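This report describes one protein structure for a reader who has the sequence and the coordinates at hand. Please look at the structure first and then read on.

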Amino acid sequence: MTECPACGFEAEAGSPTCAGCGLSSNLFEPVRAALAEGTPGGSSLAEANAIVAAVGMPPMNSSAGSLSTPARFPAPPPVPPLAPHPPSPPAELPVLPALPQGDPVQSARRQVEEYVTLARRLSLEIPGLEPRLHAAVASSDGQSFETLRAELFVRLAARLTEELERTFARRNELAALLETATPDAELDTAREALGRGDLTGTHHRLRHVEESLDMLEEEWETVRILSLEAELVAETVRELGGDPLPALGPLSEGRRRARSGDRTGAEPLLERSTLALWHLCAPLLTQRLSELRSEIGSHPPAESTGARLQTDALEMARALERRNYGGAVAAYRRFRDEVAHTGAVARPVPPSH
């Protein structure tokens, strides 16, 4: 029996994968060594330093690790949400609701004033609105109020539909990682309110949804960062012609635990999945960096391109020395794209599997 370094499960001797999290047994020792030694980026750091030197920057020294930050991570391919989608936003704008019983002119005026207040809250600018509103109030003209009411309704409904769609997209990103029952229920009520033309109610409910999503994002920020980092490194392994599958088990298990609400159990699995993925990525990235360094040496970049390459190479080396592997591959991608943009280097075509 041997203990899996990702999840702690006692694996059977000779078993190809951990029965607890799916990590390949071939990766037990590399992950265990990385956890014990805190090894920086190794040969990839050396290659990154060589690139830094090639574009005129001093080399970096290894130092302690730090938590990755996603600020400059490129977006990986979308991960299908692992929780059910709530109903979609309405495909068509709602119909202008009828006015309540009573004086039609005063009812229209009250609703116009309500819509004007909502437009201000949404920072929705409507050219010529104020003079038209003042003229309608001065004349107490019912038709003027009705025209304003219809126009404001269409503009506000369109804006709220856009906000609802953005909120659904934000919810779906979180739903790939964790349970979103509370914002889902609130999104349902917002969608229903918009469908019946209750614009102020829709806005109020959307603010509640945003508060719920803010709380979830704050509470689960580390899980989100670790998951994004692992996915980004996995995608880089694929792009460089490798197979990330042996290291993806802890990523899937970490996400499963996150969706069940086990944040404490999810975080180490996601982190160790990245360590395993980096073990697969490092030799591929080292080879590619060596190729890029050779190309830069053969085709020195223009001054403006060289400055951008310096920035990306320096960020790559700094990320590698801190064991910020997501940040390192993000900087590598920017560096690679900048070199390719100059026309000096063709993008490698991964071998077919």
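A search of the whole structure, which is a predicted model, finds zero disulfides. Cysteine 18 is in no disulfide, and the nearest cysteine sulfur, that of cysteine 7, is 3.5 Å away. A disulfide is counted when two cysteine sulfur atoms lie within 2.5 Å. The sulfur of cysteine 21 is too far for a bond as well, because the closest cysteine sulfur, in cysteine 4, is 3.7 Å from it. Is cysteine 18 buried or exposed? Cysteine 18 counts as buried, because its relative accessibility is 3%. Cysteine 21 also counts as buried, with a relative accessibility of 7%.

Next comes the overall layout. The protein chain contains twelve helices and two strands. Along the sequence the pattern is β-β-α-α-α-α-α-α-α-α-α-α-α-α. The chain has 353 residues, and 44% of them count as buried. Among the contacts in the chain with a separation of 6 or more, 75% are between residues 24 or more positions apart. The chain exposes about 17,100 Å², and carbon and sulfur atoms supply 53% of this area.

In soluble globular proteins, nonpolar side chains tend to be buried together. The largest nonpolar core in this model has 83 residues. Leu23, Leu156, Leu199, Trp278, Cys281 and Phe335 have the most contacts inside that core. Helix H10, residues 263–298, gives the most to this core, with 13 residues. Which residues does cysteine 281 touch, not counting residues up to four places away in sequence? They are Val233, Thr236, Val237, Leu240 and Val329.

Helix H7 covers residues 199–219, which is 21 residues. From its first C-alpha to its last, H7 reaches 30 Å, close to the 30 Å expected at 1.5 Å a residue. At the N-terminal end, aspartate 198 caps H7, with a side-chain oxygen 2.9 Å from the backbone nitrogen of glycine 201. Buried residues of H7 include Leu199, His203, Leu206, Val209, Leu213 and Leu216. An α-helix has 3.6 residues a turn, so residues three or four places apart point the same way.

Arginine 171 lies in helix H5, whereas glutamate 219 lies in helix H7. Arginine 171 counts as buried, because its relative accessibility is 0%. Glutamate 219 is partly exposed, with a relative accessible area of 44%.

| Side chain | Partner side chain | Polar contact |
|---|---|---|
| Arginine 171 | Threonine 180 | 3.3 Å |
| Glutamate 219 | Arginine 263 | 3.1 Å |

Glutamate 219 and arginine 263 are 44 residues apart along the chain. How many Å separate the C-alpha atoms of glutamate 219 and arginine 263? The separation is 9.0 Å, while the polar contact between the two side chains is 3.1 Å.

Key:
Residues numbered from 1 in each chain as written. Predicted model: local features only at pLDDT ≥ 70, side-chain atom pairs only at ≥ 80, totals over all residues. Heavy atoms only, no water. Helix = DSSP H or I, 4+ residues; strand = E, 2+ residues; numbered from the N terminus. Expected span 1.5 Å × (residues − 1). Buried < 20%, exposed > 50% of the residue type's maximum accessible area, 1.4 Å probe, protein only. Polar contact = N/O pair within 3.5 Å; in protein donor to acceptor, adjacent residues only side chain to side chain. Contact = heavy atoms within 4.5 Å. Areas by Shrake-Rupley, 256 points an atom, 1.4 Å probe, with all protein chains shown as cover. Core = buried A, V, L, I, M, F, W, Y, C linked by side-chain atoms within 4.5 Å.
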